[in-house]
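Colleague: I'm new to this one. Could you show me how to read it, step by step?

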Amino acid sequence: MAAPKHTTGYEPLNTLKPVAQDIWIIDGPAVQFYGMPFSTRCTIVRLQNGDLWVHSPTFLADTLRAELNALGPVRHLIAPNWLHYVNIADWQAAFPEAVSYAAPGVCERAARQGKALNFDHILEQGAEAPWEKQIDQMIVKGSKRHREAVFFHRRSSTLILTDLIENFETAKLPAWLRPLVWLAGIDDSDGKMPPDMRLTFRRTPLAESVEAMIAWQPQRLILAHGRWYRRDAVDELRRAFRRILRDREWIAAMDRMKDVRSDQDGSTKG
């Protein structure tokens, strides 16, 4: 298969780029989504037994396939949400011994798009046995539509997200697209969750999931679209989700005030 001919500003594409020990990214070609070119990014983790864990597979160029074979056997393919499954079938064909995992909703979405995909497992809240105690995972709560699996690679202290934060560098985009990205609030000056996705979430369960990610205390934060964060991951999470976290802190403060008043009233009556 010929590689898509789209530049992204993250060249070289379709090649392994080291992040930290036993973790790499692959910047893939741009894909069209609602008529807009989206940069793509895959994350590779080498597990302790040498097996490769592949998150959100991008275009599989022949040269990339050779690099992966030299790195280790591809054993785990991850479709992390209902929008990130397009290249799975090519990777399954190239690596027939790999086991494939899908987030909830992936199979249904693919079927609606006329794609019959087969997955071995549906991802759940806890880490799967092959990467337990190496990569933590959870399904972000709060949306019936967007059920994204997020992952934390312990050894490199790296949090791996897909679409929960989009962080497009406008200088790398066509001029006509820049104001749209800015209006959506997903440009690199303040990257965050796209507004159409945010509207599908209930605030409290989403805030609980963000707090769980913060509790992992990641140092790095890899995203599928746009610039990823090489450091200060916790600060970037707090910034990107500041609205829902602030609401949750306000509710918690009000609850504490009610408890104090209740205790004071009880003491007065006693």
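Colleague: Which residues does Asp 136 touch, not counting residues up to four places away in sequence?

Modeller: Contact means heavy atoms within 4.5 Å. By that rule, Asp 136 touches Ala 127, Val 150, Phe 151, Phe 152, Arg 154 and Trp 216. A word on the source: this is a predicted model, where local features need pLDDT of at least 70 and side-chain atom pairs count only at pLDDT 80 or more, while totals for chains, interfaces and linings use all residues. Residues are numbered from 1 along each chain as its sequence is written, and side-chain values use heavy atoms, leaving out hydrogens and water.

Colleague: What joins the side chains of Asp 136 and Arg 154?

Modeller: A polar contact of 2.9 Å. The term means a pair of N or O atoms within 3.5 Å; within protein, one must be able to donate a hydrogen and the other to accept it, and residues adjacent in sequence count only if both atoms are side-chain atoms.

Colleague: Is Asp 136 buried or exposed?

Modeller: Buried means under 20% relative accessible area, exposed over 50%, and partly exposed in between (1.4 Å probe, protein chains only). Asp 136 counts as buried because its relative accessibility is 14%.

Colleague: Which residues touch the most other members of the largest nonpolar core?

Modeller: A nonpolar core is a set of buried Ala, Val, Leu, Ile, Met, Phe, Trp, Tyr and Cys residues joined through side-chain atoms within 4.5 Å. In the largest, with 45 residues, they are Ile 44, Trp 53 and Leu 68. A second, separate core has 25 residues, including Met 138 and Phe 201. As for Trp 53, the residues it touches include Ile 44, Trp 131 and Phe 151, not counting residues up to four places away in sequence.
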